[in-house]
Amino acid sequence: MAAKKEIRTIGVLTSGGDAPGMNAAIRAVVRTALGKGLKVRGIRKGFQGLMDEDIIDLSARDVSDTIQRGGTILQTARCEEMRTEEGQQKAAAICKKYGIDGLVVIGGDGSFAGALKLAELGINTIGLPGTIDLDIACTEYTIGFDTAVNTAMEAIDKIRDTSTSHERCSIVEVMGRDAGYLALWCGIANGAERILLPEEHDYNEKAIIEDIQACRKRGKKNYIIINAEGIGDSINMAKRIEEATGMETRATILGHMQRGGSPTCKDRVYASIMGAMAVDLLSEGKTNRVVGYRHGEYVDFDIKEALGMNKGIPDYQYEIARELAL
Ligand code: F6P
């Protein structure tokens, strides 16, 4: 889809769960746009803020000292109204009222569905993948995943230390309601004995119990299970495992600490490039695109096409994780 007219004002918002690196993306959008002589408006609290007309002008100084900060300076929200046709019409009308003729939406698939609607209603719109879950099919990288997975990995290393000292089994629950990438990566990086993924709901607790018993006989001093949020039930699982194996078992739910913190170098750099690219695409007359990273290159896709793509946990990586845990 080509943009309908020359862009003069760019709006930017963050939507859905926050992710470290979103500020780097906002900063890049603001400074690239200002560098091209465009005006920039920040929309606070995602699509909900757009509905509420919570819109501010952004200058180069407003994004100073933000690249290293976690969270999102624009704040974020989930917005039910944006799922309705009336809400989408209202959002497009508000963009027009504020002269926003180009919009950058930083978020996940749910946010892109809103971005697509706005593009169809004549607002030139570009999506940037922002989620710690890595579950956007058109891209191998999403803003925030690198920081979140490193945060979780460091926490799990610490849990392993105390687990070994006490000869315990530890169940560590990481985020990921529908996607197991955080769990899989931590499983490999932390050398976990088991990884439970939302994509594989039929995990076998009996087999885990037998494995723990066999490991204890071999003199193994700890047993780490990474459990994705989508499976959940970690506290009860710990009780069942302790009862069946006699090995003391503790559950730790890492929770929202995985979403915060200063972004890693990778998240700062990739988010900056994607933010700048979003503005470049808009000024080249493009709309209805999602920026992604594939095969070593920054690329862009039609939003509808991107939303239609599928991504699953690669079987080969999961098998490797299992083999390395032996
Ligand atoms: O940002 C993605 C995510 O962290 C998921 O992994 C998780 O299930 C969800 O957000 C939780 O979001 P919240 O607690 O903010 O509703």
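Me: At what angle do helices α6 and α11 pack, and how far apart are their axes?
Reply: This is a predicted model, in which local features need pLDDT of at least 70 and side-chain atom pairs count only at pLDDT 80 or more, whereas totals for chains, interfaces and linings use all residues. Residues are numbered from 1 along each chain as its sequence is written, and side-chain values use heavy atoms, with hydrogens and water left out. Helices (H or I, at least four residues) and strands (E, at least two) are DSSP runs numbered from the N terminus, while axes are lines fitted to C-alpha atoms, for helices over the stretch in contact, with angles running from 0 to 180 degrees between N-to-C directions. On that basis, α6 and α11 pack at an angle of about 35°, and their axes are 9 Å apart.

Me: Is the crossing of α6 past α11 left-handed or right-handed?
Reply: A crossing is left-handed if the near helix is turned anticlockwise from the far one by less than a right angle, and right-handed if clockwise. For α6 passing α11, the crossing is left-handed.

Me: Which residues of α11 are met by α6, and how does the contact divide by class?
Reply: With contact meaning heavy atoms within 4.5 Å, Leu184, Trp185 and Ile188 of α6 meet Gln317, Tyr318 and Ala321 of α11. For the classes, Ala, Val, Leu, Ile, Met, Phe, Trp, Tyr, Cys and Pro count as nonpolar, Asp, Glu, Lys and Arg as charged, and the others, Gly among them, as polar. The contact of α6 with α11 therefore comprises 5 nonpolar, 1 polar and no charged residues.

Me: Which elements do the buried residues of α6 pack against?
Reply: A residue is buried under 20% relative accessible area, exposed over 50%, and partly exposed in between (1.4 Å probe, protein chains only). In α6 (residues 181-189), the buried residues are Tyr181, Leu182, Ala183, Leu184, Cys186 and Gly187. Their packing partners are α5 (145-166), β6 (169-174), β7 (194-196), β8 (223-228) and α11 (315-324).

Me: Which residue with a positive phi follows α6?
Reply: The helix α6 covers residues 181-189. It is followed by a residue whose positive phi is near 60°, namely Gly191.

Me: How do α1 and α9 cross, and how do the residues of their contact divide by class?
Reply: The axes of α1 (residues 22-35) and α9 (residues 265-283) come within 7 Å and cross at roughly 40°, and the crossing is right-handed. From α1 the contact draws on Ala24, Ala25, Ala28, Val29, Thr32 and Ala33, and from α9 on Arg268, Ala271, Ser272, Gly275, Ala276, Val279 and Asp280. By class, these residues divide into 8 nonpolar, 3 polar and 2 charged.

Me: Where does Lys45 lie, and what is its phi?
Reply: Most residues other than glycine have a negative phi. Lys45 lies in the loop between β2 (39-43) and α2 (46-51), and is partly exposed, with a relative accessible area of 37%. Although not a glycine, Lys45 has a positive phi of about 60°.

Me: What is the phi of Glu53?
Reply: Glu53 belongs to the loop between α2 and β3 (55-57), where its relative accessible area of 29% makes it partly exposed. Glu53 is not a glycine, yet its phi is positive, at about 55°.

Me: Is Gln88 buried or exposed?
Reply: Gln88 sits in helix α3 (residues 85-97). Leaving aside neighbours within four places in sequence, Gln88 is in contact with Glu81, Met82, Arg83, Lys117, Leu118 and Leu121. Its relative accessibility is 8%, so Gln88 counts as buried.

Me: What is the radius of gyration of the protein chain?
Reply: The protein chain holds 11 helices and 11 strands. Taken over C-alpha atoms, the radius of gyration is compared with a globule rule of 2.2 Å times the number of residues to the power 0.38. That rule gives 20 Å for 326 residues, and the chain is close to it, so it is as compact as a globular protein of that length, with a radius of gyration of 22 Å.

Me: What percentage of the residues in the protein chain is buried?
Reply: The C-alpha trace spans about 70 × 35 × 35 Å along its principal axes. Among contacts between residues at least 6 apart in sequence, 75% join residues at least 24 apart. Of the 326 residues in the chain, the buried share is 54%.
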